[in-house]
Amino acid sequence: MNYKLLTLIAVILFPLISWGQDITVNGTVTSAKDQTPIPGVTIQLKGTVRGTTTDINGLFQLKVPGNGILVISMVGMEKQEVSVNNQTTIKVQMTDEAVDLGEVVVVGYSTTSRKLVTGSVGVVGSEQIKNTPLRTIDGVLQSKTSGVQINQNSGTPGSAMSIRLRGGSSINASNAPLVVIDGIPVITGDFSQVGFEGQGINALSDLNPGDIESFTVLKDASATAIYGSRGSNGVILITTKKGQIKKTDVDISMSYGFQTFPWERRPKLLNAAQYNEVMGTNVQGIDTDWLKEVLQTAPTMNTELSISGGDQKTRFYMSGNYYNQDGIVKGTDYERFSGRLNLDHTINNRFTVGGNLAVTYSKNNRVEGDQSINGPLPNAIALPAIFPVYDANGNYDETGPYANPVAIANETVNQAFTNRTNGNIYLDAKIIEGLSFNTKLGADVYTLREHTYDPVLTRQGKKYNGLGIEGNSTVTNIVSNNVLQYITQINEKHNIDALAGYSFEKYARRSSYIEAIDFPNEDFQYITSAGTIRAASTSATDRGMNSWFGQFKYNYDYRYLIQVTARYDGSSKFGENNQYGFFPAVSLGWRLSQEKWMKQYSKLNDLKLRASWGVTGNDGISDFASLGLYSGGANYNQGSGIYPSQLPNPDLKWETTNQLGIGVDLAAFNNRLTVTVDAYLNKTKDLLLDRPLPPSSGFTTITSNIGELENKGLEITINTVNLNGEFKWESNFNFTMNRNKVTKLYNGEPIPEVGRGSNSVREGEAIGVFWGFNWLGVDPTTGEYVYEDVNKDGQLTDADKMVIGDPNPDFYGGFSNNFSYKDFELNVLLSYNVGNDIFNGMRIYAEAISGSDNQLTTVLDRWQKPGDITNMAKVGDSYASSRLLEDGSFLRIKNVTLAYKFPKSIVSKLHLRNARAFFTIQNLFTFTNYSGMDPEVNYAGDDNLRRGTDFYTYPQSRTFMAGLTLGF
């Protein structure tokens, strides 16, 4: 009897004893809406202070009693209580509260709910990315969000684009935004030493867009001040894909297509008979279509493989990519191999470690283009049709006024090889409830090798008996970020998020260049075989930056929001008296939709007012600008010598921009309509310009802080769900208007005409306005061009020049429409640009009616006798005038993608997770009055001043591509 009683007592008490013991619970918190992981969720043992928060993958680990109760809470989500019941694995799905705070976005060194953002932020997600065939990061972002202007300066494969956020904030310093990948600033820009004008090499081209989860664009000071001295031009945050807790997924994407020259944009040139008639020559039997000889239908392909998955402990994402693009101009192509590994590992409930590693190799074959008389495209346009491709002996004919473009395309070698390694490692530590520490160390190593060779088979090569160039550049950027963050909620009303951090960067660049001539023959193309070294140089640059930063965010009941940010930056670029700068910002938000008196408007889901002010800086100037420098080369009598080449300026400091902004966010009709409106006024002072010096100083200029300018504008983004049944239709429209004005220069002195388009900088005008003569037409009596005599002195002089145009658009943006019916999807993206002028520099020579260049067919309407009424004179001139300015406005059908998602019935039979086929057309058609090949290009690339000028520039291609994605 006693034995049975003891057994019964043991059976009753054992579960109670075991439940009272601590067990380790591993959990996952996801959204009930879309099953995505939710970071920053508070997990607390009820009745105690014991707790933790979920990491970026929605994971947590906590020791609790087996009979405990977990309280799961997060701002904007319904609080839950979950009984442990001795479970070691718990999965929680959270639903939105009546206070819907929207998606989580990356901002600076942390994340936040979209509807709690008080600054101006644009987000481009994975759905928008997948429908874009462009395989460069900046190309994918083009026309997707307001306030961001991205121009493809050239159609050269792998070429650089220019990116501007809210206009340009500088004249001489950089206007490019800071690009941050997974929390680490990366190397951007063109490091090429072999000049190809606007067809430079873009370091961003080496990064695979297929690895990107989302873009976050930080536009105003409240959002960018956390990046201090590099925030004036905005910040683009890129988040790459991560592994999730799931079975291992394998995804393959394959696409193949071809590119063509948009033939409706082809220059209309004289044939041989017309050229003979206009120019007075008499060559019979030859009528060469030079453009047809150098242009081609060019294949392109892309293949991507990714594997991702993970468990409670370890998550991973790995990918590989091969991309190849031949150019529509013969002799050009771009090839890229890339791989990525992203790894996250949870050690225990307090520590998570991980790292990202991306490796890329690319090869770029280029040809000289605009601003050259040794390029296939400009020479094919300029060379008259009366010259043959080959002579009677089958050799390249070189009797024309310019080098044979076919010889250049086939025989010259212009190769650029890049190797890039970009990676980081991190540690997340949860110190106590709500308090965490993150440290991250990143490195970006970019190596560019250029190899150029002109053999004697080309005109330029023959001139030098072979011409060879070798250039090498290695750029390294090492970054360390260390952030302490505290998140808490008091009485379920007061929400606090505070962080403080320290960061340092070390940048190094090493370059070498060597140029040689006199090679034995075309089979020897490396410098070691050259007879004469014509030029050689090496250079080294080292610089550093260290920074302290902090941010405090507070909201009361998700209604009243405030954010205060500050950063203290030190840079080796600036003078010893101003090496450090302080950059503060503050922003406010009021969510009116959370007020009780607004609940009567049932159709209104969200309404928020925002206001912000802040100061950001720009350190994008040349290194050592503040120092007194000496240069070599002052040699005498076979002895080396040096000379002072730059005066010091110990007071040189940052360009600073004061930014003021207001905004409205609205969502209505069950979020089927969302509208974001931003207005801003940015004033930049202490512009870094060259101040003239008296000749007695021995120097002509010294770099000083002496200029001011402003940008003001309006941005509108509208997202709509137009139809939501079996047939769905969603739209995104973005509009940007920016007005730029220079308000102060040294003694009011303008920066004179720069570049082929005669761009200028003048007080009261936008940066880069065109300065020249105002063309009035053609005198029907003399057949000569007539220009406005501004000062009425009867002569045409510099005093008659005036502002004749503006390369800056009145407004620009994009319009995207997504249609879906059952398993079919159609995406159409339109890009528009309105109100800018383009200087068509090609017309100086192609409408000269003199010299030896081929001419446009417009010269057939030239003046020939007194009384003729025409806009084409009997002979052209080379004046920079409004005659050569054209309206650069355009509406481009940027991308059309038709896709079919295979139904589950077929997918499951093939043992697939999903399958999707698609067909894409890029640059389908461009509506414009511009007569040149492409209204978007610029011969000087990403230059601050030489803008809006087309000079035989390589146009963008029209691309047709079909592909298939498979998920296993």
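## Basis and overall form

In this predicted model, local features require pLDDT of at least 70 and side-chain atom pairs count only at pLDDT 80 or more, whereas totals for chains, interfaces and linings use all residues. Residues are numbered from 1 along each chain as its sequence is written, and side-chain values use heavy atoms, with hydrogens and water left out.

The protein has 11 helices and 49 strands, these being DSSP runs numbered from the N terminus (helices H or I, at least four residues; strands E, at least two). Its radius of gyration, taken over C-alpha atoms, is 32 Å, close to the 30 Å that the globule rule gives for 968 residues, so the protein is as compact as a globular protein of that length. The rule is 2.2 Å times the number of residues to the power 0.38. Buried residues make up 54% of the 968 residues; buried means under 20% relative accessible area, exposed over 50%, and partly exposed in between (1.4 Å probe, protein chains only).

## Salt bridges

The structure holds 45 salt bridges, each defined as a side-chain nitrogen of Lys or Arg within 4 Å of a carboxyl oxygen of Asp or Glu. One of them joins Asp942 and Arg164, with the closest N and O atoms 3.0 Å apart. Asp942 lies in the loop between strand 47 (914-928) and strand 48 and Arg164 in strand 12 (residues 161-165), so the pair ties together parts that are 778 residues apart in sequence. Asp942 is partly exposed at 35% relative accessibility, while Arg164 is buried at 8%.

Glu936 forms a salt bridge with Arg892, with a closest N to O distance of 2.7 Å. Glu936 belongs to the loop between strand 47 and strand 48 and Arg892 to strand 46 (residues 890-901), so this pair links parts that are 44 residues apart in sequence. Both Glu936 and Arg892 are buried.

An open sheet of 3 strands has the order 45-44-48, with mixed pairing; two strands pair if DSSP finds at least two bridges between them. Strand 45 (885-887) and strand 48 (949-950) are the edge strands, each pairing on one side only. Strand 44 (residues 837-840) and strand 48 pair in the parallel sense over 2 bridges, and Phe839 has Thr949 of strand 48 as its bridge partner.

## Helix 5

In helix 5 (residues 272-279), Ala272, Tyr275, Asn276, Val278 and Met279 are buried. Just after helix 5, Gly280 takes a positive phi of about 80°.
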